[in-house]
Structure formats: C-alpha cells, structure tokens
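Please read these notes with the model open beside you. They are numbered so that you can check each point in turn.

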Amino acid sequence: MNKLALRTEGLHKTYQRGRIKTQALRGVSLAIPRGTFCCIVGPSGHGKSTLMHMLGALDRPTAGQVFIEDQDIGSLSSSALAALRARRIGFVFQFFNLLPNLTALENVTAAMMFSNREKAQRAGRARELLDLVGLSDKYKARPNELSGGQQQRVAIARALANEPDILLMDEPTGNLDSEAEAEVMANIEQLHQQGKTIVIVTHSAEIAARAQQVIRVKDGVLVKE
Ligand SMILES: Nc1ncnc2c1ncn2[C@@H]1O[C@H](COP(=O)(O)OP(=O)(O)OP(=O)(O)O)[C@@H](O)[C@H]1O
Ligand SMILES: [Mg+2]
C-alpha cells in the first residue's frame, strides 16, 4: 500500500507573456502516497494553482517530471494524457465551473460524455452521485437556483463521475460561508475514507490542520513545515 498517487521531480514552470517571464515553480519535488488527504498551502501568487495544474496534467511543465500512479506523463501524447486525466483524476475548482444552462443532473451526466459507460446508465449514475453529496431533491435545479455550497457539491459529484482515484481541488471552499464549507468538507472527508487520494489547495488553516500531509509553497519552491 506504499504506492504513490502523485510524484514530481524537479518541476519547473515558467509562464511567458510577451517579454515578461514568470517563474511560477522553481524545482518542486514531492511525493503523495495513495489514499492521502493532502493540503497545498502558501501565499497568493506563489504557485499553488500552477502546481495543481501540473499534478493534474492540465498543463505541461517547462522542466522536470510528473508521475501519476507511477506513470511518467511527459512521455504521453496529448490524447493519451487526456484519457489518463479523464480516467484517473477529478477536478474541483474554486468557482464551480458548472454549465449554467444545464440542470444539476445534466451537469454531472455531461462529465460522462467520453466514458465507456452505456448512455442509458449515465443518468442513473449521476443521480447516485447527487444522492451521495446530499442533493437528491435538486436534480432539476440549474446552478443559479442553488446555493454556493450546493453548487460546489454538484461540482464534486461531477468530479466523481468517472470514478477517479485522485481528486484535485483548488480552493473548493474558497467562496463558501462556514456552514457550506462544513457540508463540502464532510463530503470530502467521506471520499477520503473511501480511499481516494485528496489534494486540496486551501487558505484555510482549519482545513490544513485536518490534512495528513501539508505541502507549503513559497515563491515557487517547497518550504519545510
Ligand atoms: N497563465 C498564466 N500566464 C502567466 N502568468 C501566470 C499564469 N498563471 C499564473 N501565472 C503567474 O504565476 C504565478 C503563480 O500563480 P498561481 O496561480 O500558481 O498562484 P497561487 O499560489 O495559486 O495564488 P492564489 O492563492 O492567489 O490562487 C503568479 O505570479 C501568476 O501571476
Ligand atoms: Mg490559485
């Protein structure tokens, strides 16, 4: 059970906009064992989201390596990478990113667009996931008819649609009041208990205090606790 969910070696990411270069990551090496509840913390603008994007293969590093479940993703083609991402990783973002014209049920079902699951079974699976996050009575609600916490729980249901082992969440409670944050965190802890690897970027000291592993990013490098 010592296998790693995620690992990086000497990760660098430099963004270039015109003549301006930003070194967002400057040599990050880390290892997150499977089933870990991990938090990424650090000041604003210091590279947390960038690191999350690299871990989830949403973007490629300038230098260094990322391993997802022991696979070096640098060697994969874009389509192989997209397939790996769809199968293995669920994302939750700070601003929910739900499709506004779709109902909660349709938002979750849409995530299964490229899955192997039979079309006829997808809505049933979406209902199960919404039940799991406590939204059995909101299948037909559109995002603007839901509270922030409810929208974020739809986003979590959507992230789970393809049964990922790894959940990457960028400030999943950043826009929620404390009650909604507690609801969302209860869902997240339940998923951790089911064995998922959870990586959360957070500014909340309370959430970080519950983590098994805390990764502190400062100025694009990791600092010891
Ligand atoms: N697409 C991009 N193009 C150019 N620069 C970028 C891009 N994304 C991020 N940056 C820069 O890289 C640095 C790290 O940004 P990042 O988003 O990783 O910070 P963060 O730690 O997530 O901050 P916050 O807590 O505010 O979300 C910042 O200086 C930012 O301006
Ligand atoms: Mg960020």
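1. Ligand 1 takes up the space of the second largest pocket. A pocket, on a 1 Å grid over the protein atoms alone, is an open set of points with protein on both sides within 12 Å along at least five of seven lines. A molecule sits in a pocket if more than half of its atoms lie within 2 Å of its grid points.

2. This is a predicted model, in which local features need pLDDT of at least 70 and side-chain atom pairs count only at pLDDT 80 or more, while totals for chains, interfaces and linings use all residues. Residues are numbered from 1 along each chain, chains are lettered from A and ligands numbered from 1 as written, and side-chain values use heavy atoms, without hydrogens and water.

3. There are 14 residues around ligand 1, and Ser-44, Gly-45, Lys-48, Ser-49 and Thr-50 come nearest. A residue counts as near if one of its heavy atoms lies within 4 Å. The shell divides into 3 nonpolar, 8 polar (Gly is put among these) and 3 charged residues.

4. Helix 1 (48-55) gives the most to this shell, with 3 residues. Strand 1 (4-17) and strand 2 (20-33) each supply at least two. Helices (H or I, at least four residues) and strands (E, at least two) are DSSP runs.

5. Polar contacts are pairs of N or O atoms within 3.5 Å. An oxygen atom of ligand 1 is 2.6 Å from a side-chain N or O atom of Thr-50. For polar backbone atoms, the distance from a ligand oxygen is 2.7 Å at Gly-45 and 2.9 Å at Ser-49.

Key: A polar contact is a pair of N or O atoms within 3.5 Å; within protein, one must be able to donate a hydrogen and the other to accept it, and residues adjacent in sequence count only if both atoms are side-chain atoms. On a 1 Å grid over the protein atoms alone, a cavity is a set of points where a 1.4 Å probe fits but cannot get out, and a pocket is an open set with protein on both sides within 12 Å along at least five of seven lines; lining residues have an atom within 4 Å of a point.
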